[in-house]
Amino acid sequence: GESRIPAPLPNDTGNHSTANIYSPSLMGGGGIERNINRRINDTRTNEAESYNETTHHNLIVSSQHYILTDTKGSSWTESHSPRNQTTNQPIRISFRLHDPNDVPYPSKFLSVHGYTCHVGSSLPACMSGRTVLNFTTTLSTDLNILFIGDSISQQFAQGFYASVLGEGNIGSHAIPRSFINGQVFHNSGLHVCSSLVAPTRGGGVSAYWRVLALMSNRTEAPFYVNCKREKGWLGQEGRKLANYRYPYPPPRDGANDLVRVNTSKNNGATTWYRTSQTSQVNVNAGNESESQQQFYRAGGFDCCVLRVPHGWMELREITRERIVEEIQLCNQVVGARTILISTLPLNNNVISPSDWEGIIKINELIRDIARGWKPPLPGKDGVQWVLVQEFGNFTNQILWRNAQHIGYNITMPDFTKNDGWENQGAEFLLHRYQGIKSMRHAPSIPMVCAYPIEQPFSTKNETAGPCFFNKISRDGMHWCIETLGARYSASIACLLGCVYNNGKEQQNNGIEVRKCERECNDQFMSLVPVDEGWIGTNTTIFSKS
C-alpha cells in the first residue's frame, strides 16, 4: 500500500531568503526576533551568580531567563545505572545538541517503514540550517516518562528513545506487546502496543503505551484490548509498564527476537512479543534464575506525555471533560504527577475549514486546562502540573514556510503574535495531494510535497498531481522524526526541567513554571534558531524555574 517515493530533483539551489525567523507566541514588547546567523551569548552576571549556590559553577545564562547551559558537564551523566530513588539530583533532566555527522538522526528505533523519511527532497533553505532543523539531541535523565497515544505518539516516543539511550545500550529496549500488518521483514512494519527503554542515560525509564482514545472510566475494558484498532483501554497494561522489571546491565545489542503469539481474542490481529536470548525481557518482565543480571522495577512514572488521538476520535468527542479525566487517570493508573499535553497539528482528517477551526479550539482548550489546573492540597496525591507542548504551533510554522517554498503566494504571519495567526489565510492547508491512493483522506499539499513533478505547478487548484516528497511528512498524518525529532525531544526535556530541576518536584512557584514553559516552547517548539554554540560542543542545556 505504500506509494513509490520519487527521486529528489537535482541541484536544489533555490532562491530562499535567510530573513528573520520569529518565535511563536511571546507576549508584550513584540517578542524575540533573531536572524538565522545570529549568535546569542548573554551572560548576565547577577543571574549566573544566583545559581552558583548549586553544584553547577560554570552556568551561562543565555538571552533566556530559564534555559541555562553548563560547559563543565556537572549536570550531565553518561551512566545508565538505574536511578537511586532515595536521593535527589539537582538537575534531573538535561540535554545536548549535536551535529548529525557526530550523532545520527533519531531513527534507529522507528519500527514502521512507511512512516520513515530517509528518502525525500531536501528541506527549504530557511529550515535546513544547522541551527534550525539540522541538529540532533541526546538526553540524560533519571525521570520515568510515559508517552500515551496513537501511532504518532509511538513515532516520537521511539525518537525520544534514540535520544536517551547511548551506544551499546540498545538491549535496554523492550517491546512487551506489538502487532504487524503483513509479513515480518527485519521488524519492518512493527506497530507497538507497549514498549520501554530502561535504564536510560541518567538512570530513568521511558515508555510508550498505545491508547487510541482519551481514557475514561466508561471506556476501560474489563479483560483485553485489541490495540490494533480498539479504542478502549486496559488499566492493567499501564500498571504493567509502571511496575516493569528490567535487567541491568542490559542484554547485549542485537539479542532481541520476535516471538509470535496468537490469541482468539485478537480478532484477526497477530500479537508479537519481543524477547531476549540472554534474559526474559518480555511480557513477564524477567526471570532472575536465567541470568546473573540484577533486576530493577520501574516504580511508576513521574510524567505522562499525552497526545489527543484525533483521527481515532472525532473532533466533537474531544471535550474538556474527557481531557481532564485522562489527566486524572494518568495519576491513578501509573502515578504521574506531571502531565505534558501536545497541541494538535494539521493532519489528513482535517478536511474542511470548520475542521481546522475545531483543531484551533481544542488547542485553546488544552491551554486553558493547563493554565487553570488546581494542584492537590499539600500531602495529597494527584496531578501537580499540567504543561503544554506547543507542537501544533511548531508544525504550523513548518507548513507555512514549506507552502511558500513550493510556490504558494501567501503572506508569512508574524509568529510572535498570539492573535490567531493559524486561522488567517489558512485555506491553502486544505489543498489536497492525490498521489497517495491508499489514504482515506488525501494529505495536505504543503505537508507532503517538496516540488511538483510537472511544471508549471498551479496552487490555484485545490488538488495537485504527483509531487516529490519532502522530509516533513510521509503521508499527511505522521511526521518525519528524522527532521522534527530533535526539537521534539529537546522540548520535552526543557519543559520537564521547569518542574523537576530543583532537586525535587516544583510545588508552588506557578508563575515561574509558566514563564519557563513559555520559554521552552518559544525556543524549541518553533523555528527559532538555537545558539550555534550549543551544537557539537558538549554544552549541557537544561531549564530551571
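Mentor: Welcome! Residues are numbered from 1 along each chain as its sequence is written, and side-chain values use heavy atoms, with hydrogens and water left out. Because the model is predicted, local features need pLDDT of at least 70 and side-chain atom pairs count only at pLDDT 80 or more, while totals for chains, interfaces and linings use all residues.

Trainee: Which residues have the most contacts inside the largest nonpolar core?

Mentor: They are I327 and I339, in a core of 134 residues. A nonpolar core is a set of buried Ala, Val, Leu, Ile, Met, Phe, Trp, Tyr and Cys residues joined through side-chain atoms within 4.5 Å. Helix α9 (residues 481-500) gives the most to this core, with 13 residues. Helices here are DSSP runs of H or I with at least four residues, and strands are runs of E with at least two, numbered from the N terminus.

Trainee: What does I339 touch, not counting residues up to four places away in sequence?

Mentor: I339 touches C304, L306, I327, C330, V383, W385, V386 and L387. Contact means heavy atoms within 4.5 Å.

Trainee: What makes R316 and E314 a salt bridge?

Mentor: The rule asks for a side-chain nitrogen of Lys or Arg within 4 Å of a carboxyl oxygen of Asp or Glu. For R316 and E314 the N to O distance is 2.9 Å, so the pair meets that rule. By this rule the count comes to 16 salt bridges.

Trainee: Why is R316 called exposed, and why is E314 called partly exposed?

Mentor: Buried means under 20% relative accessible area, exposed over 50%, and partly exposed in between (1.4 Å probe, protein chains only). R316 has 65% relative accessibility, so it counts as exposed; E314 has 45%, so it counts as partly exposed.

Trainee: What is the closest N and O distance between E390 and R367?

Mentor: It is 2.7 Å, in a salt bridge. E390 lies in the loop between β17 and α7 (391-405) and R367 in helix α6, so the pair ties together parts that are 23 residues apart in sequence.

Trainee: Are E390 and R367 buried or exposed?

Mentor: E390 has 12% relative accessibility, so it counts as buried. R367, at 13%, therefore counts as buried too.
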